[in-house]
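This briefing is meant for someone meeting this structure for the first time.

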Amino acid sequence: MRIGVLTGGGDCPGLNAIIRAVVKRGRTQLGHSMVGFKHGWRGVVDGITVDLSREDVRNILPLGGTILGTARFHPNEKNDGLAAVHETLRQEHVEGLICIGGDGTLAAAGAVAESGVRVVCVPKTIDNDVWGTDRSVGFDTAVEIATEAIDRVHTTAESHDRVMVVEVMGHHAGWIASCAGIAGGAEVIMIPEEPFDIEEVASYLRHRHRSYATSSIVVVAEGATPKNGTLDWVAPVGEHDALVPGAIGERVKQELEQRTGFETRVTVLGHVQRGGTPSAADRLLGSRFGVAAINAMDAGRSGVMTALRGDQVELVDIADVAGKLKTIPPEYRAVTNALT
Ligand code: F6P
């Protein structure tokens with residue numbers, strides 16, 4: 001059969017590992033023909049395709065980003081979007097779609113599957129917030145990058161006797177903040193799942209610095225919010241519920257500096273967390289998900305997503321996944337509380 005492949009939403013390390021696995025297994029071993037759609041669902045709606053031959057995926061395993069390009073664009077949110085998807089698939093003789101994406105791409109994939117297209121999805125996002133899978137491709141690399149950054153910030157914090165606020169990504173989930181914060185030995189970790197009281201944080205820092213410390217690292221998830229009534233704060237948001245990089249980090253920095261009197265700096269890691277070469281774990285997970293996705297398509301499955309459950313790759317229904325947010329479990333929060 002002829003199979004289309006797309007990557008949607010924010011990019012992440014490991015996307016090319018998925019694409020490579022889909023094409024290698026799908027073309028060479030299962031004998032399918034493949035076409036790539038440029039810039040996610042936009043390419044499907046506008047009919048913008050690229051070749052996906054065995055040659056096109058050579059040497060892309062360690063490459064960051066996506067050779068297909070990506071975009072935050074969802075056909076189900078536009079009136080004639082689904083009709084345009086059907087028209088492109090008819091013209092390109094595509095009988096099935098492999099959609100690699102986070103929650104937005106998966107929600108669109110669910111709508112496209114319901115409209116009668118054969119769809120298999122692969123979860124990717126540095127945020128690790130896709131419901132139904134223990135891990136999403138890209139998360140491991142982001143945690144590595146953020147942990148290394150926290151290690152580096154530690155030494156300059158110590159040299160200058162400063163409080164360093166490090167803002168990390170994660171949208172409305174605290175996975176990167178918690179994991180990199182624990183791995184990097186941060187003193188305070190602020191996550192969306194547990195609204196913070198800024199005065200409690202300031203008082204903890206005052207106590208630390210009075211008793212034994214001269215510097216502290218405060219990791220703030222970009223989606224962290226204050227407890228009701230503790231701080232006047234409205235998070236600025238853009239299209240697709242986008243958070244403004246640096247907004248909460250800068251505010252936390254200002255508040256802590258003012259409330260403690262300690263010299264404080266803020267580092268916003270931003271898109272550095274999404275760029276560059278994928279970790280071995282993300283290459284491996286991407287390869288496993290890619291093979292599972294093309295096998296599922298070959299077996300006639302539709303409306304499913306590859307998922308890591310324990311150490312097994314399984315298939316879950318997109319309908320059970322879309323629209324749900326996988327937040328960080330209490331056990332991680334307990335470890336944070338035990339160590340900070
Ligand atoms: O979903 C991945 C993510 O990196 C989030 O952590 C972040 O909030 C958002 O994308 C940033 O999106 P953009 O690249 O559109 O600025």
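What follows is a short tour of a predicted model, arranged by topic.

In this predicted model, the largest pocket has a volume of about 700 Å³, and the structure also holds 2 cavities of 30 Å³ or more. The largest nonpolar core has 53 residues, and another core, of 28 residues, lies apart from it.

**Pockets**

- The largest pocket, with a volume of about 700 Å³, is lined by 31 residues, of which Arg72, Asp103, Asp127, His171 and His240 are the closest to its centre.
- Sorted by class, the lining of the largest pocket consists of 8 nonpolar, 12 polar and 11 charged residues.
- The second largest pocket holds about 390 Å³ of space, and among the 18 residues that line it, Val188, Ile189, Glu194, Val201 and Asn337 lie nearest its centre.
- Strand S7 (188–190), helix H7 (198–211) and helix H10 (330–339) are the elements that give two or more residues to the lining of the second largest pocket.
- In the lining of the second largest pocket, the residues divide into 8 nonpolar, 4 polar and 6 charged.

**Cavities**

- The largest cavity contains about 50 Å³ of space, and its lining is formed by Glu222, Trp233, Ala235, Pro236, Leu243, Val244, Ala247 and Ile248.
- By class, 7 of the residues lining the largest cavity are nonpolar and 1 is charged, while no polar residue takes part.
- The second largest cavity contains about 30 Å³ of space and is lined by Asp103, Leu106, Val130, Trp131, Val321, Ala322, Gly323 and Lys324.
- The lining of the second largest cavity has 5 nonpolar, 1 polar and 2 charged residues.
- Asp103, which belongs to the lining of the second largest cavity, is also one of the residues closest to the centre of the largest pocket.

**Nonpolar cores**

- Within the largest nonpolar core, the residues with the most contacts inside it are Met34, Leu52, Ile98, Ile100, Val168, Ile176 and Ile217.
- Helix H5 (residues 139–160) supplies the largest share of this core, namely 8 residues.
- The separate core of 28 residues includes Val45, Leu97, Val112 and Ile318.
- Isoleucine 176, leaving aside its neighbours within four places in sequence, is in contact with a set of residues including Ile126, Phe139, Ala142, Val143, Val168, Met169 and Gln273.

**Glutamine 273**

- Glutamine 273 lies in the loop between strand S9 (264–268) and helix H9 (280–298), and this residue counts as buried because its relative accessibility is 0%, below the 20% cut-off.
- The side chain of glutamine 273 reaches the backbone nitrogen of methionine 169 at a distance of 3.1 Å.
- Apart from its neighbours within four places in sequence, glutamine 273 is in contact with Ile126, Ala142, Ile145, Ala146, Val168, Met169 and Ile176.

**Two histidines with positive phi**

- Histidine 93 has a phi near 55 degrees, a positive value in a residue other than glycine, and is found in the loop between helix H3 (81–91) and strand S4 (96–101).
- Histidine 93 counts as exposed because its relative accessibility of 58% is over the 50% cut-off.
- Histidine 171 also has a phi near 55 degrees, which is positive although the residue is not glycine, and its place is the loop between strand S6 (163–168) and helix H6 (175–183).
- Histidine 171 is buried, because its relative accessible area of 18% is under the 20% cut-off, and this histidine is among the residues closest to the centre of the largest pocket.

**Serine 216**

- Serine 216 is placed in strand S8 (residues 216–221) and is buried, with a relative accessible area of 1%.
- The side chains of serine 216 and histidine 209 are joined by a polar contact of 2.7 Å.
- Leaving aside its neighbours within four places in sequence, serine 216 is in contact with Arg162, Val163, Met164, Glu187, Leu205, Arg208 and His209.
- Although serine 216 and glutamate 239 are 23 residues apart along the chain, a distance of 34 Å separates their C-alpha atoms.

Definitions and conventions: Residues numbered from 1 in each chain as written. Predicted model: local features only at pLDDT ≥ 70, side-chain atom pairs only at ≥ 80, totals over all residues. Heavy atoms only, no water. 1 Å grid on protein atoms, 1.4 Å probe; cavity = no way out; pocket = protein on both sides within 12 Å on 5 of 7 lines; lining within 4 Å. Points joined across faces, edges and corners; volume = space filled by probe spheres on them. Nonpolar A, V, L, I, M, F, W, Y, C, P; charged D, E, K, R; others polar. Helix = DSSP H or I, 4+ residues; strand = E, 2+ residues; numbered from the N terminus. Buried < 20%, exposed > 50% of the residue type's maximum accessible area, 1.4 Å probe, protein only. Polar contact = N/O pair within 3.5 Å; in protein donor to acceptor, adjacent residues only side chain to side chain. Contact = heavy atoms within 4.5 Å. Core = buried A, V, L, I, M, F, W, Y, C linked by side-chain atoms within 4.5 Å.
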